[in-house]
Amino acid sequence: MEDKRRKWLKSHHDTLFPFFPFLKKRNIGWLFDSVKEKAPEKGALYVHIPFCTGRCTFCILTKERPSGNTLKYVNLILEEAKTWREYYSPVETIYIGGGTPTSLSTEELKLLFEGLGEIFEIEKNAEISIETTVSELTEDKINLLADLGVNRLSVGVQTFNPGLRNVLGRRSGVKEVIKKLNTAREVFPLLTIDILYDLPGQHKRDVLADLQMAVGIGIDGISLYPLIYSPKTAIARQFEQPAIETAKAVFANARNFLDNNGYKHVNINHFSNGRDKFRYSTYFNRLDNVLGLGAGATGFLAGCFLKHKSTSEKYIRSRAGDVFNVPEATIPVLWCISQLQYGRIDLEEPKRRWGFEPLEAFTATIEKCVDRGEMIISKKTIELTTEGMFWANTIGAEMAVEYLYDGKGGLVSLEEGSSKIAKGIMLNKIRHGRKALKGTHK
Ligand SMILES: C[S@@+](CC[C@H](N)C(=O)[O-])C[C@H]1O[C@@H](n2cnc3c(N)ncnc32)[C@H](O)[C@@H]1O
Ligand code: SF4
């Protein structure tokens, strides 16, 4: 039986919430000292370009209107990159996200790509992705990006449905979207798009029509996200979130349709025709090195999250991000939960690396998930079913709460205003909490 109060967490960031009270705040000097001790390590690079002139009704990204400081911003990103060059090599994949990164001018984009190429040793076959939106995608920009080495273009389509595009506040018409995707298809080895489901008034057949269109154009990777109804967005103030049963049926249908059309479900929100490896996402999920640069960017280095200031103005004032060290005792828990993004936890690796037994650490959550048909346990792995993939972020948070708080903490979406209160409650639980984790929090 489904627990009616069970919270559907739509973002993998929400699975991190139970860890927050355990993180130890450090300064940037401490992080540099830790990486200095090691030989240079390979990794991924994330660059956040917050600028965007769009006014989408649903957008929860860190974004702002460009205000004359874009060139300065790009130069400062390169300055920050230089401080990491000796510790970080080679770069195996680069992801430029936003906002809308292609809202930078031709000169700024050239400066950014050429600058990164001079600062870091970038692997010959590195996956180089950039996010864009159709209204910014001129033929000149398409050619420029290809010349600058982008080999994976990620276009935020959201939906091909004209009525729903209006609801979302998207600027381009459907014909333009299809035309630009076809042009991009000719130029980039890998073309991926974002599609949203759980939209107000959206039917199962609307999502299937969107996916059908994507398959027809020959898109390599499809990110299928459920809409997050954040109180700070216009869409959430105007519409109720559809019933969860509807969303579940849409998700199962979409997965089935894509499977029948040769697309594998490679992580909770991503489907690939086999060509798109989405290497960047695998770094975060394996807890490998991700260096984040720019306002709002978060990276993971030397067991620490490195989180930057949220606006370009603040970033220009101070580029040093905040450093949050993940205590060693919680690393195996974080690792297991990150694996759920792929729908599978290997049982042998955490045992070998940390002497950590997922079946013992998360017994109660696993039993419930197996009963509900969300998990299948075999000798070597825990596998999520389609139902389990739908709930994967929730399951991850449930596991973390079971291990870190003896199951007594609540699940929290970071988009909710109440997250600060919940953090206080969790901190309190730690003060009176488990012996095993004492000493991990100061
Ligand atoms: C930075 S945006 C993509 C690039 C570009 N700015 C655009 O909108 O086309 C990254 C993606 O985040 C997703 N996104 C934004 N707001 C969201 C929300 N409220 N819920 C779920 N996904 C969201 C969208 O699918 C969007 O394509
Ligand atoms: S174009 Fe993208 S970044 Fe800009 S407001 Fe719309 S969803 Fe947000």
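In this predicted model, β15 and strand β16 (residues 381-384) run antiparallel and are joined by three bridges. Within that pair, isoleucine 377 sits opposite isoleucine 382 in β16. The two strands belong to an open sheet of three strands, ordered β14-β16-β15, with antiparallel pairing. The edges are taken by β14 (344-346) and β15 (375-377); each has a single partner strand, so one side of each is left without a neighbour in the sheet. On average, neighbouring strands here are turned by 15° against each other, ignoring direction. As a reminder, strands of a sheet pair through backbone hydrogen bonds, and they can do so in parallel or antiparallel fashion.

Next, a helix pair. Helix α15 (residues 363-371) packs against helix α17 (residues 392-405) at an angle of about 150°, and their axes lie 8 Å apart. On the α15 side, the contact is made by Ala364, Thr365 and Cys369; these meet Ile395, Glu398, Met399 and Glu402 in α17. Sorted by class, this contact holds four nonpolar residues, one polar residue and two charged ones.

Turning to the ligands, there are 19 residues around ligand 1, and the ones that come nearest are Thr100, Thr133, Gly156, Asp194 and Ile228. Three strands, β3 (88-98), β5 (152-158) and β6 (190-197), each put at least two residues into this shell. The shell around ligand 1 is made up of nine nonpolar, eight polar and two charged residues.

As for the chain as a whole, the protein has 18 helices and 16 strands. Its radius of gyration is 21 Å, close to the 22 Å that the globule rule gives for 442 residues, so the chain is as compact as a globular protein of that length. Along the principal axes, the C-alpha trace spans about 60 × 55 × 40 Å.

How far can the model be trusted, going by pLDDT? The mean pLDDT of the protein chain is 91, and 92% of the residues reach 70 or more. Residues 438-442 are a stretch where pLDDT stays under 50, and the model gives them eight contacts beyond four places in sequence.

Note on methods
Residues numbered from 1 in each chain as written. Chains lettered and ligands numbered in written order. Predicted model: local features only at pLDDT ≥ 70, side-chain atom pairs only at ≥ 80, totals over all residues. Pairing = 2+ DSSP bridges. Helix = DSSP H or I, 4+ residues; strand = E, 2+ residues; numbered from the N terminus. Axes fitted to C-alpha atoms, helices over the stretch in contact; angles between N-to-C directions. Near = placed C-beta within 6 Å. Nonpolar A, V, L, I, M, F, W, Y, C, P; charged D, E, K, R; others polar. pLDDT = per-residue confidence, 0-100. Contact = placed C-beta atoms within 7 Å. Rg over C-alpha atoms; globule rule 2.2 N^0.38 Å.
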